[in-house]
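Open the model in your viewer and keep the selection panel at hand. The tour below goes stop by stop.

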Amino acid sequence: LGVQAVQESREGQMVPPRLFLRKCRARRSTPKVADSGGTELTGSKLLAGTLMFRRLLARKVIGADENMVGILLPPAVGSVLANAAVTLMKKVAVNLNYTLKDDDLNFCIKQCGIKHVLTSRKFIEKKPVELDAELIFLEDLKEQISATDKIIAGLQAFLMPLFLLERMLGLTSIKPDDLLTVIFTSGSTGE
């Protein structure tokens, strides 16, 4: 009975991407994320930025055949935006541990079949890496945001009913047991 109760309660749970949309909308003017660099985003700015970034990634970077996307960023607002955008694309975010050596990072990339790694030029200047995947710099993407991207993301974030937005993004097909992220830990067994 206990197993059955857990399974039934799981079916009624809202999956994290849909919950993200609701929490950002519910707390539009409340700060949601901040980092030590002084960047702070409210719920509305986080949602609009994520939808704009998602749109750019889908149009310019991430192919339909890609399931997992690498993220090599320190814990900051940019990392939150990258993770949320990848998740709203129904892709699996793989946060790569930047303290690992290149060989270990490449092992993780190979294990997941990653083609693209989202990162930052500032970060790579501080910690240069040689990876077996294409590096996509967030600063370069930010420069490619068009007025159309801003308008569409704004309409989606502020005016479109959530049930329509979820359907348009395909989030209603995500099940509670679907894979959303992969995290490699540094255990005592090496690879």
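Before moving on, two notes. This is a predicted model, where local features need pLDDT of at least 70 and side-chain atom pairs count only at pLDDT 80 or more, while totals for chains, interfaces and linings use all residues. Residues are numbered from 1 along each chain as its sequence is written, and side-chain values use heavy atoms, with hydrogens and water left out.

**Stop 1: H2 against H4**

Select residues 16-26 for helix H2 and residues 77-88 for helix H4. Their axes come within 10 Å and cross at roughly 120°. Axes here are lines fitted to C-alpha atoms, for helices over the stretch in contact, and angles run from 0 to 180 degrees between N-to-C directions. Helices (H or I, at least four residues) and strands (E, at least two) are DSSP runs, numbered from the N terminus.

The crossing of H2 and H4 is left-handed. A crossing is left-handed if the near helix is turned anticlockwise from the far one by less than a right angle, and right-handed if clockwise. Now show the side chains. H2 contributes Pro-17, Phe-20 and Leu-21, and H4 contributes Ala-84, Thr-87 and Leu-88. Contact means heavy atoms within 4.5 Å. By class, five of these residues are nonpolar, one is polar and none is charged. Ala, Val, Leu, Ile, Met, Phe, Trp, Tyr, Cys and Pro count as nonpolar, Asp, Glu, Lys and Arg as charged, and the others, Gly among them, as polar.

**Stop 2: H2 against H9**

Arg-18, Leu-21, Arg-22 and Arg-25 of H2 meet Leu-162, Leu-165 and Glu-166 of H9. The contact has three nonpolar, no polar and four charged residues.

**Stop 3: H3 against H8**

Select helix H3 (residues 43-60) and helix H8 (residues 147-158). They pack at about 130°, with axes 8 Å apart. H3 is therefore oblique to H8. The crossing is right-handed. Among the H3 residues in contact are Leu-47, Leu-51 and Arg-55; the H8 side includes Asp-149, Ile-152 and Phe-158. By class, the contact has nine nonpolar, three polar and four charged residues.

**Stop 4: Lys-90**

Go to the loop between H4 and E4, where Lys-90 lies. Lys-90 is not a glycine, yet has a positive phi of about 65°. Its relative accessibility is 39%, partly exposed. Buried means under 20% relative accessible area, exposed over 50%, partly exposed in between (1.4 Å probe, protein chains only).

**Stop 5: Leu-96 and the cysteines**

Pick Leu-96, in the loop between strand E4 (92-95) and helix H5 (102-112). Leu-96 is buried at 4% relative accessible area. Beyond its neighbours within four places in sequence, its contacts include Ile-71, Leu-105, Cys-108 and Val-117.

Follow that list to Cys-108, buried at 5%. Cys-112 is buried too, at 14%. Which distance separates their sulfurs? The sulfurs of Cys-112 and Cys-108 are 7.1 Å apart, too far for a bond. A disulfide is a pair of cysteine sulfur atoms within 2.5 Å. The whole structure has zero disulfides.

Conventions
Parallel < 35°, antiparallel > 145°, perpendicular 65-115°, else oblique.
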